[in-house]
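Biologist: Before we discuss any assignment, could you put the model on the screen, and then let me ask what stands behind each label?

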Amino acid sequence: MANGENQNPNPNPIEATPGAAARTITLKTADGEIFEVEEAVAMEFGTVKSFFEDDAVSATKPMPLPNVSGSALSRVITYCRRSLEIRSMIPPATSEDATAAEAVQGEGDLEAEKAAKQERKEFEAEFLKDESNEDVKELILAANYLNIKELLDFLCRSVALRIQNKSVEYARKFFGIEGDYTPEEEAQIRQEYAWAFEGVDED
Amino acid sequence: MGANMSAGVSDTDPPLQPRLGDIPESCIASVLMFLDPPEICKLARLNRAFRGASGADFIWELKLPTNYRYIMEKVFDEETMRKLGKKDVYARLCRPNPFDDGTKEIWLHKSTGGVCLAISSKALRITGIDDRRYWNHLSTEESRFHTVAYLQQIWWLQVDGEFEFQFPPGTYSLFFRLQLGRSSKRLGRRFCNHEHVHGWDIKPVKFELTTSDGQHAVSQCYLDNPGNWVQYHAGDFVVKSTNALVNIKFSLTQIDCTHTKGGLCVDSVFIRPTSVGK
């Protein structure tokens, strides 16, 4: 059984905080690849988080992910790592009863927030640049299974952008689905949604 | 979630590929959420899963304007309100809904959910409206309210309106829908009678708009384009906070008493988000 550690494709893994042991969690994908992931990153996966919260299992046994392939998981990890990095760029919000001095510091926070937003924008554009429609779909299924809200929102938003203002046929091809309506059902739907296509009501 | 790792996956099995059509309805709904309503409705035709997803309440809750409950109370009765899902509320509100005894109509701009309103001439305060030497009410199919106020001749033209409403935050534009000349239909053809049209090229009319929170817009404009309905832009106002009742006052005046004017049809006042094109 192939048991080699996966080469980390991300050249900039998060540095372990000084003094704290970098705890890792081992994940095993459907196609048998093993990933060792920093705990902070793995805890971004809702599924993994609840698994370890419920079980209090030591992180030595690899957690199986039967619905996720190695290539998908690798990309997911890249995303979550970068996302954590960007989030750490923003200092925690100052409390309501901050002193004047702390309120001034708030301006610096706004700058940091802007910078983080810009970073995120560039990173997200880059992340999906070369992904095919199939890859994006695979990522959605993975993000859904692993319960990673932020990634799922981002992917859904991107898919929406890809199919926006295109024909029904295009969307059909994109999702690779056949229509399953009878002609009667089709007619029924057209009627049900007729309101959305009525002429714009002007004067 | 068993810890059993040997669940039949052997070295010789090909790696698992997700079935492409198997994206769960909840994910589809999350994609649809980012599209505009007409697009969502278009994609409902894809297959059953898309149809199901397109009906998800959480999607339409986001598309509805923030004040949709306030609007519903004005236009729907109790029973209707109880049984409508969010998508149906949106669909209903996209059609013009009368309220205030049919003197006003409200509808949503389909793709953005922007709130649009029309106020009938019957709801406006027109100086001299009861004097038939000056003003008359005409029935016409060219008005959504089926009636317009027609000015024969007057020195003092003053049309005032007042409207209180809870607007979703945004910038809104107010228009007067006016026409020089009186139109009618005979044998399927449209005719316009200009016999009373006069005085509009001498001095401009004044449009004014004020809000209860101190906004104020004033402009002047020559009425023109006889025989056609024109929406004259009276001004804009900004609504900043949600759930605040805004009272707006607006007027059209031409009170220069050195000349008379006439032949004017006043149909209605429109209010819509500035970003919504005509």
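Biologist: What makes A:Phe123 count as buried or exposed?

Modeller: Its relative accessibility is 11%, and buried means under 20% relative accessible area, exposed over 50%, with partly exposed in between (1.4 Å probe, protein chains only); A:Phe123 therefore counts as buried. This is a predicted model, in which local features need pLDDT of at least 70 and side-chain atom pairs count only at pLDDT 80 or more, whereas totals for chains, interfaces and linings use all residues. Residues are numbered from 1 along each chain as its sequence is written, chains are lettered from A and ligands numbered from 1 in the order in which they are written, and side-chain values use heavy atoms, with hydrogens and water left out.

Biologist: How many aromatic pairs does the structure hold over all chains, and why is the pair of A:Tyr79 and A:Phe123 called tilted?

Modeller: Over all chains there are 21 aromatic pairs. Rings of Phe, Tyr and Trp (its six-membered ring) pair if their centres lie within 6.5 Å, and planes under 30 degrees apart count as stacked, over 60 as edge-to-face and the rest as tilted. For A:Tyr79 and A:Phe123 the centres are 5.4 Å apart and the planes stand at 35°, so the pair is tilted. Since A:Tyr79 lies in helix H3 (residues 70-87) and A:Phe123 in helix H4 (residues 100-127) of chain A, the pair ties together parts that are 44 residues apart in sequence; helices (H or I, at least four residues) and strands (E, at least two) are DSSP runs, numbered from the N terminus.

Biologist: What makes the pair of B:Phe176 and B:Phe250 an aromatic pair, and of which kind?

Modeller: These rings lie 6.2 Å centre to centre with 70° between the planes, and the pair is edge-to-face. It links strand S8 (residues 170-180), which holds B:Phe176, to strand S14 (residues 245-254), which holds B:Phe250, both in chain B and 74 residues apart. B:Phe176 has a relative accessible area of 0% and is buried, and B:Phe250, at 2%, counts as buried too.

Biologist: Which residues have the most contacts inside the largest nonpolar core?

Modeller: That core, a set of buried Ala, Val, Leu, Ile, Met, Phe, Trp, Tyr and Cys residues joined through side-chain atoms within 4.5 Å, has 123 residues, and B:Phe176 and B:Phe250 are among those with the most contacts inside it.

Biologist: How do you know that B:Asp267 and B:Arg177 meet in a salt bridge?

Modeller: A salt bridge is a side-chain nitrogen of Lys or Arg within 4 Å of a carboxyl oxygen of Asp or Glu, and the N to O distance here is 2.6 Å. The partners are 90 residues apart, B:Asp267 in strand S15 (residues 264-273) and B:Arg177 in strand S8 of chain B. Both ends are buried, B:Asp267 at 1% and B:Arg177 at 4%.

Biologist: What does the charged end of B:Arg177 sit over?

Modeller: It sits over the ring of B:Trp229, 4.3 Å from its centre, where the rule asks for NZ of Lys or CZ of Arg within 6 Å of the ring centre and within 35 degrees of the ring normal.

Biologist: Why is A:Arg87 called partly exposed?

Modeller: A:Arg87 has a relative accessible area of 36%, and is therefore partly exposed. Its side chain meets that of A:Glu44 in a salt bridge of 2.6 Å, N to O, and A:Glu44, at 22%, is partly exposed as well.
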